Amino acid sequence: MKFSPAFIDEVKARNPIEEVVSSYVTLKRAGSNLTGLCPFHSEKTPSFSVSAPNGFFYCFGCGTGGDVISFIMKIENLDYPSAIGFLAKRAGLPLPENPDEKEQGVRRARVLAMNRLAAKYFHSKLMEGGAGLEYLTEKRKLPMPLIKHFGLGFAPDSFGELTNLLTRNGYSAEEMKTAFLCGISPKTGRPYDYFRNRVIFPIIDNAGEVIAFGGRVMDDSLPKYLNTSDTPAFRKSRNLFALNFAKKHCAETMILCEGYMDVIALHGAGFENAVATLGTALTSEQARIMKRYTKKVIISYDADEAGQRAADRAFGILGEVGLETRLLRVEGAKDPDEYIKKFGADRFRKLLEGSRTRFDFQLEGVLKRNNVAENEGKLKAAAEITSIIAAYPSEVERDVYIGQASAALSVPKESLKNDVNRAKISREKRETKEAEEKIMRETRGFGDRINPEKVTFHRGARAEEILLGILLLYPEMLSVLEKEGSVLTPDDLVTEFNRRVLKKLFELKEEDAAISLSLFAEDFSPGEMGKIAKYQIDREKLTDNGEDVVLDCVRIIKEEKAKKTTSLEDLLASKRQKKQDKETTSKG
């Protein structure tokens, strides 16, 4: 889809980056920029920066960056045209009409349209009565208003009923497969319904769109759940079940459950701040989403071993984004649904109030694993718990937990405190060493997934980065590369990624377009946009961005290109010689 530069400029002008970003991130003034905790990776110290005057953002922690369009692409999981559409809608701007836009923008829109049609179909099938409705109302005791509230449905035991309906409405088998509403038989090539003989849970996003489905069997057959996989409209790692309802009730506390039924039961009992992950373990992306809506999360997972392992992992992920986190202990029932049915909503509310901290959970685990009645077990438990306490950043927290552990292990508080301090110092030394090694690796280009050639051609790649940073800031410098004696073309660059960036700059110059990061977003991924933004940021801090620096970069790039070409020719010559030697030996 092609939008005119003028339309893109209008979209950006009506969506100031600081206003858009601040609806997702809490920003604070830091000099001429705004800073906050990055929404794209877990961090405790802000490394995310927004430059309002220049209209771009950059995270010094994870390297994500770009303009307001890149930001929306990344945070809302949208492609370039959809991100522009999102921002245009936000600003009340009508999208320009042209056939190309309709043709290319159809995929995500058609997935959402198919999902809406499928959701209505599933719900109507449930309302017809039969096994699905009986399961939900009789076995799971869900009242009809709650079933309708969540738009629950039923997929009959049919191989073609839904696919036939979608086909009649003009959708192809390939589109249905992309939406995970059908499979395609390898023998006949015909589509068949993906969900069969299951109760259906539609996944609805905050805009009210049906983006995916979960299907549950009504007996003990496996797999218990079938879930929509990633599609153009859905990423399971970036969505939460029932957040569309919970977002209005979770400003103080959110309840995190394991499954759909737990969430629905809690909502039915008046706990409308409950959500669940979507068939996967909790992800960092989901934790950051939760951080936007709440201050505290209470984990309500099953009490079995697998549930407790998942809870421990969730504690770490939620803590990384700065959320206060507690664990709910459900006693006398296997899950919140059963507990509420047995003891009532008031007892469950008191249970929530008595939820445990992460350290309570960790200490209990240590005591279970070690027999502290014996000296050997007590020593092992003490070593384990001091290492755990040392990882807490707050001195007050550490002191409180040392006292708690001292009482539980019957050992002097001062002894534990000394061991915790030693463990903390050792941990800090290790982290400092790892951070220094990481900086050295990144400087040399090790692990650079965007420009992997940098590690091999470091000198040339570094000159390219400096040159591109200057050109992004001062596009008029492109004319220097066209002067006799300093001509440089994209083919002269030593790394493929930087060749693409320079080629795009020349294309924009040829089109007489005002060069901005927005015009790169259509051809470069969000990760690549971050690297391009970093080139610009690195040069913004410096004053030596003149023609002499450009010419110096041109000289180095050409020298490194010559070395690379020579090395390649030497390699090919060596291979040819080895082949000749082998042929001579075989003839002899």
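## Helix packing and buried residues

Q536 touches F56, G469, L472, L473 and L517, leaving aside residues up to four places away in sequence. Touching, or contact, means heavy atoms within 4.5 Å. Q536 sits in helix 23. At 10% relative accessibility, Q536 counts as buried. Buried means under 20% relative accessible area, exposed means over 50%, and partly exposed lies in between (1.4 Å probe, protein chains only).

This is a predicted model, in which local features need pLDDT of at least 70 and side-chain atom pairs count only at pLDDT 80 or more, while totals for chains, interfaces and linings use all residues. Residues are numbered from 1 along each chain as its sequence is written, and side-chain values use heavy atoms, with hydrogens and water left out.

**The whole protein**

The secondary structure comes to 24 helices and 16 strands. Both are DSSP runs numbered from the N terminus: helices are H or I with at least four residues, strands are E with at least two. Of the 588 residues, 46% count as buried. The C-alpha atoms fill a box of roughly 85 × 75 × 75 Å along the principal axes. Take the contacts between residues at least 6 apart in sequence: 63% of them join residues at least 24 apart.

Two packed helices are described by the angle between their axes and the distance between the axes. Axes here are lines fitted to C-alpha atoms, for helices over the stretch in contact, and angles run from 0 to 180 degrees between N-to-C directions.

| Pair | Angle | Axis distance |
|---|---|---|
| Helix 21 (458-473) and helix 22 (496-510) | about 25° | 11 Å |
| Helix 22 and helix 23 (526-540) | about 75° | 12 Å |

Helix 21 and helix 22 pack at an angle of about 25°. That makes helix 21 roughly parallel to helix 22. Angles under 35 degrees count as roughly parallel, over 145 as roughly antiparallel, 65 to 115 as roughly perpendicular and the rest as oblique. The crossing of helix 21 and helix 22 is left-handed: the near helix is turned anticlockwise from the far one by less than a right angle. Helix 21 contributes A461, E464, E465, L468, L471 and L472 to the contact, and helix 22 contributes N498, V501, L502 and L505. By class, this contact has seven nonpolar, one polar and two charged residues. Ala, Val, Leu, Ile, Met, Phe, Trp, Tyr, Cys and Pro count as nonpolar, Asp, Glu, Lys and Arg as charged, and the others, Gly among them, as polar.

Helix 22 and helix 23 are roughly perpendicular to each other. Here F497, N498, R500 and V501 of helix 22 meet E528, K531, I532 and Y535 of helix 23. The classes are four nonpolar, one polar and three charged residues.

**Helix 1**

Helix 1 (residues 5-13) has the buried residues F7, I8 and V11. They cover an arc of only 100° around the axis, which puts them on the same side of helix 1. The arc is that of the directions from the helix axis to the C-beta atoms. These buried residues pack against helix 3 (68-75) and helix 4 (80-91). The face turned away from the buried side carries the exposed residues A6 and A13.

**A buried loop residue**

Y171 lies in the loop between helix 9 (161-168) and helix 10 (173-178). At 12% relative accessibility, Y171 counts as buried. Y171 touches R110, A113, M114, L117, L166 and M176, not counting residues up to four places away in sequence.
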